[in-house]
Amino acid sequence: MSDPRDHGSPPCPCCAGEHSTPWLERGGLRYLRCAGCGHGWLDPLPEPGTLREIFGKEYFEGGREGGYFRYELDESGHRKTARRRLAFLRSLGLRPPGEMIEIGPAYGFFLEEAWLQGWRVHGVELSDHARAKAALRAPGYLVASPEELPGRLRGACQAVLLFQVLAHLREPERMLAEIRPFLAPRGVLVCETWNAESSIARLFGRMWQQVSPPAVQHLFGERSLREILRRTGFKLRSFKPWGKTVSLSFALGTAAGRLGWTSLGARLADSPLRRIPIPYGFGDLVVAVAEPDSPKSAS
Ligand SMILES: [Zn+2]
């Protein structure tokens, strides 16, 4: 790795450090890596106006790299994963009834499962396409940004949840700071994300499945997540490996798409293999739990 140097890019979104080095490159797009906390982020970040296009229908239905072939085909897997996440919340002492906000609910499978268990559920979903789908599954507020949520939810939510979404946000620090006031004093933030410092991520380098620009804009590790949480008013309580259930067709289809075989990937995604669930647990998916704390200055 070359010496840390200032590329004239914005400071690290996690620790505000100003020194970074070129890191992983794919498809002509490049991530920088912070010399301070190890965080990786896309340079340049996509323009704000392009995000709705990146996460439009094509992302969920088109087999685009880093996206899905047909999101709803894996419904049973999404629901199993949702119930596993709800069991995790129970293990933290979080039980319905209560208010919860999911950031990035996609098609709303988790929100629906949580609602069926008695939670009062709300979602913040940037994608117009996904938000319309989620609205068919779950009651509650479904909005495009935290500022559209009603004031009555401020200080009233037991849980704010981000399942594999923080890395897709252009400004994750801004989202965390904006959602922080909605947590009740004893509420928790649960963030499921991918660990760029995991063994498998290091082994695969630029071929790691999360190196998928521009949909994946940030590559977090424990240090960078701790820093971004600290600076936005949270204290990281735990950070540990996590798993999920996917269908065999999803796993094979994603691998084929990764290699550029998109038509094969689409056929696999729509094959009977989707009825075969497989556990995903390679140590690169993690779940972090944080609690409200006083915001810390970047300086
Ligand atoms: Zn940093």
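**Strands, helices and their packing**

Biologist: Which residue in S8 is the bridge partner of Phe 163?

Modeller: This is a predicted model, in which local features need pLDDT of at least 70 and side-chain atom pairs count only at pLDDT 80 or more, while totals for chains, interfaces and linings use all residues. Residues are numbered from 1 along each chain as its sequence is written. Helices (H or I, at least four residues) and strands (E, at least two) are DSSP runs, numbered from the N terminus. In S8, Phe 163 has as its bridge partner Glu 192.

Biologist: How many bridges join S7 to S8?

Modeller: Two strands pair if DSSP finds at least two bridges between them. Strand S7 (residues 157–163) and strand S8 (residues 183–194) run parallel. The number of bridges joining S7 to S8 is 6.

Biologist: Of which hand is the β-α-β unit made by S7, helix H6 and S8, right or left?

Modeller: A crossover is right-handed if, with the strands pointing away from the viewer, the path from the first strand over the helix to the second runs clockwise. Helix H6 comprises residues 172–179. The unit that S7, H6 and S8 make is right-handed.

Biologist: Which are the edge strands of the open sheet of 7 strands?

Modeller: The order of this sheet is S6-S5-S4-S7-S8-S13-S10, and its pairing is mixed. Two strands in it each pair on one side only. These edge strands are strand S6 (142–143) and strand S10 (234–241).

Biologist: Why is helix H4 largely enclosed by the rest of the structure?

Modeller: A residue is buried if 20 or more other C-beta atoms lie within 10 Å of its own, exposed if 12 or fewer, and partly exposed in between, with C-beta atoms placed from the backbone. Among the buried residues of H4 are Phe 109, Leu 111 and Glu 112. Their cover includes helix H3 (75–91), strand S4 (99–103), strand S5 (120–124), helix H5 (128–135) and S7. H4 (residues 109–116) is largely enclosed because the buried residues number 6 of the 8.

Biologist: How are H3 and H4 oriented to each other?

Modeller: Axes are lines fitted to C-alpha atoms, for helices over the stretch in contact, and angles run from 0 to 180 degrees between N-to-C directions. The axes of H3 and H4 cross at roughly 50° and come within 9 Å. Angles under 35 degrees count as roughly parallel, over 145 as roughly antiparallel, 65 to 115 as roughly perpendicular and the rest as oblique. H3 and H4 are therefore oblique.

Biologist: Is Ser 20 buried or exposed?

Modeller: Ser 20 is found in strand S1 (residues 20–26). Because Ser 20 has 24 C-beta neighbours inside 10 Å, it counts as buried.

Biologist: Which residue in S2 is the bridge partner of Glu 25?

Modeller: S1 belongs to an open sheet of 4 strands with the order S1-S2-S3-S9 and antiparallel pairing. S1 and strand S2 (residues 29–34) pair over 5 bridges. The partner of Glu 25 in S2 is Arg 30.

Technical notes:
Two residues are in contact if their C-beta atoms, placed from the backbone, lie within 7 Å.
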